[in-house]
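Hi,

Here is the model I said I'd pass along.

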Amino acid sequence: MIAVIADDFTGAAELAGISLRYGLSVSVHLDNTIDANADVVIVSTDSRSMQKAAAVYCTADAVEAVLKFEPSLIYKKIDSVLRGYVIDEVKVQMELSEKNKAFICPANPSLQRTISNGEYFINGKKITETGFVNDPEFPISSAKVTAMVNDETVHVLKHNDWLPVEGIVIGEAESSEDIKAWAEAIDETWMLVGAGDFYTALLGKKYTVKPQQKFQLQLPHLYVCGTAFEERKAFIKKLDCTAYLPETIDEEWLQQTGSIIKEKGKAVIAIGGSKQTALTLRTIMAKAVAAIVAKENIKEIFIEGGSTAAAVLEELNIKKLIPVNELSRGVVRMKAGDLFITVKPGSYQLPEEILKLYS
């Protein structure tokens, strides 16, 4: 069994999709009540949306839960741009796993996210020249990797550098070849941490890619947009099936949204110009989605944003999902009972299936 501990739900889903690509069975758990009935067991802690003390405590609980099953590999999935409490969570997992060294590979060259000369780049630009500087919870103010993780003691190395006998290393990577070289260089004595490209390289050492199943999105369909990215706001603004989230959920809003679903067979719930905190907006969004799902017999939900997805699933009292399709990188369709749920990180591109449905 491979165990994955992910600090947010879309990260958990992304690695579930990569695992499906290699023909592995997967289960995704939103609490520590897990089983070992799949090739890959993924626990989503949602720790990135917590305060630091709670995040570390939650991570420790998840590590202890998976260690009981003696997995062949434990992989810690983090944000590819190092948002969250990366080093704090790595240190507690090192302690519980009895590891004296950890290797972190956050770069995703396949998505143009690279680390070079100690700095982080997206599409060739320093990360400080991108929208991540305005992230509502973890704004990025420096492209220097050690500053991004707030720890100057971390080693930032290339794959052909000498590796230390202990401590924490962040691997630089400018290409997929660099990622593969790291996967070959790092052995089981290291605690393994990273994003999707490194996980893919690790699986690629042992497994081969399998053909994917075809599928069709079910109606009525609900698109839940919890991201603050401007491109997505512009896309949604053009649609004629959008219901913007009110300050409070009332019967009038539920009826208006229900009317859109009955007429179009689909609807988008999106955040408008509210000045409320991210946590408050997530809570309102989750309650709104749960109410619409119950009222309109929704068959399928597409959710953008990891913290939003976690809040919605908690409100729906969903604790376990079975991934069934990978629509595109990081966009994974899962099933909980009779409900299909697809999740996507806010910064990733929309898959063709959603673009076609909402064009």
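A disulfide here means a pair of cysteine sulfur atoms within 2.5 Å. By that rule the count comes to 0 disulfides. Take cysteine 241: the closest cysteine sulfur to its own belongs to cysteine 225 and is 12 Å away, too far for a bond. Cysteine 241 is also buried, with a relative accessible area of 2%. Bear in mind throughout that this is a predicted model.

Now the overall picture. The protein chain has 11 helices and 18 strands. Its radius of gyration is 20 Å, close to the 21 Å that the globule rule gives for 359 residues, so the chain is as compact as a globular protein of that length. Along the principal axes, the C-alpha atoms fill a box of roughly 65 × 45 × 35 Å. Of the 359 residues, 57% are buried. If you take the contacts between residues at least 6 apart in sequence, 69% of them join residues at least 24 apart. The accessible surface is about 15800 Å², and carbon and sulfur atoms account for 49% of that. On the charge side, I get 39 positive and 48 negative side chains, with the centres of the two sets 5 Å apart.

Helix 10 is worth a look. The buried ones are Gly306, Ser307, Thr308, Ala309, Ala310, Ala311, Val312 and Leu313. What covers them? The cover includes helix 1 (9–21) and helix 9 (278–296), along with strand 12 (221–225), strand 15 (300–304), strand 16 (320–328) and strand 18 (339–344).

Strand 18 also holds lysine 344. Is that lysine buried or exposed? At 0% relative accessibility, lysine 344 counts as buried. Leaving aside residues up to four places away in sequence, lysine 344 touches Thr10, Arg232, Phe302, Ile303, Glu304, Gly305, Gly330, Val331, Gln349, Leu350 and Pro351.

Next, some backbone details. Most residues other than glycine have a negative phi, and most peptide bonds are trans. With a relative accessible area of 57%, asparagine 317 is exposed. Asparagine 117 has a positive phi too, near 50°, and lies in the loop between strand 6 and strand 7 (119–122). At 62% relative accessibility, asparagine 117 counts as exposed. As for the peptide bonds, leucine 219 and proline 220 are joined by a cis one, with omega about 0°. Proline 220 lies in the loop between helix 6 (196–204) and strand 12.

Another proline to look at is proline 109, in the loop between strand 5 (101–105) and strand 6 (113–116). Though it is in a loop, proline 109 counts as buried, at 8% relative accessibility. Beyond residues up to four places away in sequence, proline 109 touches Thr114, Ala173, Glu174, Ser175, Ser176, Ile179 and Asp197. From proline 109 to isoleucine 322 is 213 residues in sequence and 28 Å in space, C-alpha to C-alpha.

Cheers

Notes. Residues are numbered from 1 along each chain as its sequence is written. This is a predicted model: local features need pLDDT of at least 70, side-chain atom pairs count only at pLDDT 80 or more; totals for chains, interfaces and linings use all residues. Side-chain values use heavy atoms; hydrogens and water are left out. Helices (H or I, at least four residues) and strands (E, at least two) are DSSP runs, numbered from the N terminus. The radius of gyration is taken over C-alpha atoms; the globule rule is 2.2 Å times the number of residues to the power 0.38. Buried means under 20% relative accessible area, exposed over 50%, partly exposed in between (1.4 Å probe, protein chains only). Contact means heavy atoms within 4.5 Å. Accessible areas come from the Shrake-Rupley method with a 1.4 Å probe; for residues, only the protein chains shown count as cover. Lys and Arg count as positive and Asp and Glu as negative; His and the chain ends are not counted. The place of a charge is taken as NZ of Lys, CZ of Arg, CG of Asp or CD of Glu.
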